[in-house]
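Have the viewer open while you read.

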Amino acid sequence: MIGCILLAGGKGNRFGAKKQFLEINGLKIFEYSLKTIERVEEIDFVVVVLPKEDLDIEIKSSKKIIRVEGGSERQFSVYSGLRAIADCDIVAIHDSARPFATVNMFREGINNVKAGWDGSITAYRSPDTIKRVINNEIVETLNRDEIYVVQTPQVFDFKKLLKAHEYALENNILATDDSALMEKLGYRITLNEGSFFNFKITYLKDLEMVECFIKGEKMKS
Ligand SMILES: Nc1ccn([C@@H]2O[C@H](COP(=O)(O)OP(=O)(O)OP(=O)(O)O)[C@@H](O)[C@H]2O)c(=O)n1
Ligand SMILES: C[C@](O)(CO)[C@H](O)COP(=O)(O)O
């Protein structure tokens, strides 16, 4: 059994609104991901994590949908999604704020976990030079060959991810992605291919990129 947790429980503080419910070109932002997930035959059900006040929002999907209330942080929203799952072998976690993830990103991640990895995260090698900066001063230039830009979907062995979240809760560990919690327990995580186009809508200005991407897709079709 394979599940997917679609995170749509954020407040959008940096954006200035709950961006996941914003409608662009006839679809709400979270519906873009849902449509992609529907095309991943391997996925049996989707847990949609929502803010308390949006729990009864209309969700049309060909997949079985489970709704759960999110937490105050992304990590707690994932945990809330995990706890809503009765039984599952593999789980994919995806940010609804990344509307342009592809079917292949989910499939490659699932295949890597089926092949024996504890987890597989979507990522691409940094095309830019990355420096560490403290108080506006460069302290280190990192070896770019070892630097990857990390995205979602992130796919994991369900029971191991649940264990990693429980360990994090007990030890007050808060991380910005699920892989980091798995890494703490020494689980082996690999990569599947990400893309610049799988960007995360974080700030209002990111909407320009969304519009450009949609226009580009229309021109291709
Ligand atoms: N408590 C939270 C926080 C985030 N998310 C989800 O996690 C993804 C990535 O989070 P982010 O882009 O940071 O969204 P927000 O938390 O809404 O934004 P901000 O941090 O600016 O408030 C989003 O799809 C968001 O809906 C969530 O389900 N529950
Ligand atoms: C999980 C994530 O999308 C990987 O890049 C990212 O860490 C989420 O960060 P946010 O600050 O919760 O948006």
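Q: Where is the place of P153?
A: P153 sits in strand β10, where helices (H or I, at least four residues) and strands (E, at least two) are DSSP runs, numbered from the N terminus. A cis peptide bond joins T152 to P153, with omega about 10°.

Q: What should I know about the model and its numbering?
A: This is a predicted model, where local features need pLDDT of at least 70 and side-chain atom pairs count only at pLDDT 80 or more, while totals for chains, interfaces and linings use all residues. Residues are numbered from 1 along each chain as its sequence is written, and chains are lettered from A and ligands numbered from 1 in the order in which they are written.

Q: What makes I43 count as buried?
A: The cut-offs go by other C-beta atoms within 10 Å of a residue's own, placed from the backbone: 20 or more is buried, 12 or fewer is exposed, and in between is partly exposed. I43 has 21 C-beta neighbours inside 10 Å, so I43 counts as buried. I43 belongs to the loop between α1 and β4.

Q: What does I43 touch, not counting residues up to four places away in sequence?
A: I43 touches I2, C4, I37, K63 and A92, leaving out residues up to four places away in sequence; contact here means C-beta atoms, placed from the backbone, within 7 Å. I43 and K64 are 21 residues apart in sequence and 9.7 Å apart in space, C-alpha to C-alpha.

Q: Is K18 buried or partly exposed, and how do you know?
A: K18 has 19 C-beta neighbours inside 10 Å, so K18 counts as partly exposed. K18 is in the loop between β1 and β2 (23-24) and touches K11, G12 and P51, not counting residues up to four places away in sequence.

Q: Why is N135 called exposed?
A: N135 has 5 other C-beta atoms within 10 Å, so N135 is exposed. N135 lies in the loop between β8 and β9 and has a positive phi of about 50° although it is not a glycine.

Q: Why does strand β9 lie largely in the open?
A: Of the five residues of β9 (residues 137-141), the number buried is zero, so β9 lies largely in the open.

Q: What makes α2 largely enclosed by the rest of the structure?
A: Eight of the 10 residues of α2 are buried, so α2 is largely enclosed by the rest of the structure. Among the buried residues are R74, S77 and Y79, and the cover includes β1, β4, β5, β6, α4 (158-170) and α5 (178-184).

Q: What is the strand order in the open sheet?
A: Seven strands run β5-β4-β1-β6-β10-β7-β11, with mixed pairing.

Q: Why do β5 and β11 stand at the edges?
A: β5 (64-69) and β11 (189-193) each have a single partner strand, so one side of each is left without a neighbour in the sheet.

Q: How do β6 and β10 pair?
A: β6 (residues 90-95) and β10 pair in the antiparallel sense over four bridges. A92 stands opposite V155 in β10.

Q: Which residues surround ligand 2?
A: R74, D95, V150, Q151, T152, T176, D177 and K200 do, the rule being a C-beta atom, placed from the backbone, within 6 Å. Three of the shell residues come from β10 (residues 148-157), the largest share.

How values were computed: Two strands pair if DSSP finds at least two bridges between them. Two residues are in contact if their C-beta atoms, placed from the backbone, lie within 7 Å.
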